[in-house]
Amino acid sequence: MAALHAHPRPLRTLTPTLTPRRFGPPRRPRTVRCNASAEPPRRSYSVTLLPGDGIGPEVVSVAKDVLSLAGSHEGIEFRFSEMPIGGAALDLTGVPLPEETLAAAKESDAVLLGAIGGYKWDSNEKHLKPETGLLQLRAGLGVFANLRPATVLPQLIDASTLKKEVAEGVDLMVVRELTGGIYFGKPRGFGTNHEGEEIGFNTEVYSVSEIDRIARVAFEVARKRRGKVCSVDKANVLEFDTIVTNNIFGDILSDEASMLTGSIGMLPSASISESGPGLFEPIHGSAPDIAGQDKANPLATVLSAAMLLRYGFGEENAAKRIETAVIETLNRGFRTGDIHSYGTTLVGCKRMGEEVLRSVDSEKLVSAAH
């Protein structure tokens with residue numbers, strides 16, 4: 001994400017060494033096509049697309065096109081399969097995460113998710129809520145580390161909730177433990193205390209191995225940034241770069257950090273496991289109030305696709321190409337409604353996608369990405 005500046009420069013964040021296999025070598029593509037020509041072999045990856053609900057299908061469609069075009073410039077081919085999840089899956093199958101969807105996700109090289117949830121399913125019982133499908137997906141994939149970058153771009157600094165002099169230069173990464181802690185700890189439930197009062201309880205619990213693996217992720221992230229790690233429990237945080245924290249604090253802090261940038265429509269995320277495919281998704285919700293109206297900002301999903309390339313496949317050049325294209329598009333003045341300001345061009349989701357594709361295809365990005 002540190003590449004997202006007015007004048008692109010080499011990333012200060014992770015290099016391809018951070019991959020789902022304990023930061024070993026980048027995952028090898030499952031298919032390599034060789035021929036007798038002098039051209040280098042093309043790499044091929046499988047990606048499961050989970051558009052989900054609300055604006056999810058719109059933004060995932062844009063990200064898919066950007067991935068395909070950026071890949072074509074870098075000798076990469078993608079095999080896409082689309083599966084239902086969340087409310088869409090409930091309507092189709094009666095469950096928020098069908099077995100077929102989880103199986104397809106596990107068999108792929110990476111998973112790109114749009115958004116989950118909507119008013120239609122708000123009154124459902126917990127096990128039939130769209131969000132339950134997301135929790136089941138994370139558990140099924142074993143994605144324990146959630147990487148949430150928050151960077152204030154120079155082009156959007158006036159949209160930040162902070163004063164310009166405070167927001168300028170903000171560039172941090174929250175590393176959130178995702179599959180343990182109070183959200184999953186047991187025992188949990190309701191009961192009665194010794195005085196006969198009804199009580200509710202959730203257990204905050206972590207094993208040594210769970211703490212060890214999330215700490216290792218944070219240290220690897222920090223090594224590729226500015227070498228600072230802040231471990232968050234209950235202490236106040238004044239200055240930080242990379243934050244490592246438990247599930248609930250990570251949830252709170254990453255949401256708060258996202259507001260520094262001016263719009264959650266700009267923020268991607270990556271969730272990685274120790275060996276299997278990673279899960280990549282924008283942090284915004286399904287926004288049912290604007291779904292199907294071509295008003296969504298697809299850039300968070302596009303940048304999630306860049307994280308997919310970097311952290312999922314170790315394809316740094318392709319990731320940089322996408323990030324540089326986003327900056328170039330913003331530099332040309334195109335804005336969706338959530339980031340629009342006087343003097344810029346208001347466009348919808350599809351048009352923003354088209355402009356990013358135009359930037360991906362431009363000649364000057366070839367040298368910028370290499």
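1. The model under review is a predicted one.

2. The largest pocket holds about 850 Å³ of space. Two or more lining residues come from each of β4 (110-115), α4 (130-141), β5 (145-151), α7 (247-259) and β12 (278-282). Of these elements, α4 supplies the largest share of the lining, with six residues.

3. The lining of this pocket comprises 30 residues, and those nearest the centre are Glu-131, Leu-134, Leu-135, Arg-138 and Arg-176.

4. Gly-333 is placed in the loop between α9 (316-331) and β13 (334-335). Its relative accessible area is 14%; since buried means under 20%, Gly-333 therefore counts as buried.

5. Beyond its neighbours within four places in sequence, Gly-333 is in contact with Thr-344 and Thr-345. The C-alpha atom of Gly-333 also lies 8.9 Å from that of Gln-155, although 178 residues separate the two along the chain.

6. As to the cysteines, Cys-230 has a relative accessible area of 16% and is therefore buried. Cys-349 is likewise buried, at 1% relative accessibility. With a disulfide taken as a pair of cysteine sulfur atoms within 2.5 Å, the count of disulfides in the model is zero.

Terms used: Residues numbered from 1 in each chain as written. Predicted model: local features only at pLDDT ≥ 70, side-chain atom pairs only at ≥ 80, totals over all residues. Heavy atoms only, no water. Buried < 20%, exposed > 50% of the residue type's maximum accessible area, 1.4 Å probe, protein only. 1 Å grid on protein atoms, 1.4 Å probe; cavity = no way out; pocket = protein on both sides within 12 Å on 5 of 7 lines; lining within 4 Å. Points joined across faces, edges and corners; volume = space filled by probe spheres on them. Helix = DSSP H or I, 4+ residues; strand = E, 2+ residues; numbered from the N terminus. Contact = heavy atoms within 4.5 Å.
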